[in-house]
Amino acid sequence: MERVSVLARHFVTETSAAVSDLPGRQLTLTPVSSAQVIKNSKEAGIKARSIPSQPTTGQASVACWGERSFPVSQSDTALVIIDMQTDFLSPEGRVGQHYKDSPILDGLPGVERLLAACRKAGMTIAHSRSHRYGANVMDELVGTKDEGYELYPSCRARPGEIVVDKWTFGAFASTPLEAELRARGVERILLCGVLTNVCVFATASQAVDRFFRVCVIEDASAAFQRDWHDMAIKLISEPQRKRGHQAQVGLYFGEISSVAE
């Protein structure tokens with residue numbers, strides 16, 4: 001995703017919004033109208049009919065699998081990073097301890113490079129943290145500065161970046177992420193993080209349900225087994241490239257690219 005950094009030559013990073021401190025939550029909030037969020041099938045139908053088959057042209061274009069491309073712009077594209085928490089990435093974490101010899105850290109260098117490039121370009125950045133551990137919901141961790149629950153040190157959010165705490169696998173269903181992105185004019189998402197086959201996959205599905213165009217950055221994502229990662233990427237990618245759906249860039253269920261692109 002080095003190509004994203006070309007945006008920095010066209011834009012100066014805007015002053016970030018102030019971070020609001022809410023009890024039990026760490027969220028970057030801006031005034032949001034409920035009218036911006038799709039609430040029912042009628043509104044979804046209106047939104048669907050308003051979306052052109054091809055996305056608007058961006059300031060840069062990311063090469064994707066299947067000889068496709070995904071345009072990005074500072075004004076309407078966000079980097080959404082899923083659950084880069086110590087509990088998942090560390091072999092001593094609440095979940096990582098059960099997968100000590102896994103490839104879970106394979107995506108970390110890609111996330112770090114992508115995060116740096118998108119920050120330099122002045123793009124919207126959003127992070128999710130999950131207190132859903134399998135079948136358990138540990139909401140007592142939210143707002144406690146628990147080291148395992150916190151984002152991995154090299155992926156910590158900066159002031160002005162969106163941070164949402166979720167109890168669902170997808171980052172939209174149980175958080176204000178949709179409203180936060182819409183308030184910033186976001187229409188397209190670069191998606192990465194862990195676990196590819198669980199929360200990244202669920203977030204991609206929930207994003208396109210809300211008509212955000214999605215591009216998953218494959219080498220900035222990881223799972224506890226390589227075949228789980230590969231299967232999730234296949235399920236996200238292949239419907240998008242199937243004849244008949246090809247015009248719907250990033251909407252069924254996502255384009256796939258790499259950091260190098």
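Let's start at a turn: Gly66 takes a positive phi near 75° in the hairpin of β3 and β4, where 3 residues sit between the strands. Before going on, note that this is a predicted model, in which local features need pLDDT of at least 70, side-chain atom pairs count only at pLDDT 80 or more, and totals for chains, interfaces and linings use all residues. Residues are numbered from 1 along each chain as its sequence is written, and side-chain values use heavy atoms, with hydrogens and water left out.

**The hairpin**

Strands here are DSSP runs (E, at least two residues), and helices are runs of H or I with at least four, both numbered from the N terminus. Strand β3 (residues 60-64) runs antiparallel to β4, and 5 bridges join them; two strands pair if DSSP finds at least two bridges between them. Take Ala63: its bridge partner in β4 is Ser69. Strand β4 (residues 68-72) is mostly covered, with 4 of its 5 residues buried. Buried means under 20% relative accessible area, exposed means over 50%, and partly exposed is in between (1.4 Å probe, protein chains only).

**The aromatic cluster**

Rings of Phe, Tyr and Trp (its six-membered ring) pair if their centres lie within 6.5 Å; planes under 30 degrees apart count as stacked, over 60 as edge-to-face and the rest as tilted. That rule gives 5 aromatic pairs. Here are two of them:

| Pair | Centre to centre | Angle of planes | Kind |
|---|---|---|---|
| Tyr99 and Phe224 | 4.0 Å | 5° | stacked |
| Tyr99 and Trp228 | 6.4 Å | 75° | edge-to-face |

Tyr99 lies in the loop between α2 and α3 and Trp228 in helix α6, so this pair ties together parts that are 129 residues apart in sequence. Phe224 is in the loop between β11 (213-222) and α6 (226-241), 125 residues from Tyr99. Tyr99, Phe224 and Trp228 form one aromatic cluster. How covered are they? Phe224 is buried, because its relative accessible area is 5%. Tyr99 counts as partly exposed at 31%, and Trp228 counts as partly exposed at 32%.

**A charge over a ring**

Elsewhere, the charged end of Arg132 sits over the ring of Phe169, 4.5 Å from its centre. For that label, NZ of Lys or CZ of Arg must be within 6 Å of the ring centre and within 35 degrees of the ring normal.

**The cysteines**

A disulfide is a pair of cysteine sulfur atoms within 2.5 Å, and the count here is 0. Cys215 is in no disulfide, and the nearest cysteine sulfur, that of Cys64, is 4.0 Å away. Cys215 counts as buried at 0% relative accessibility, and Cys199 counts as buried at 5%.
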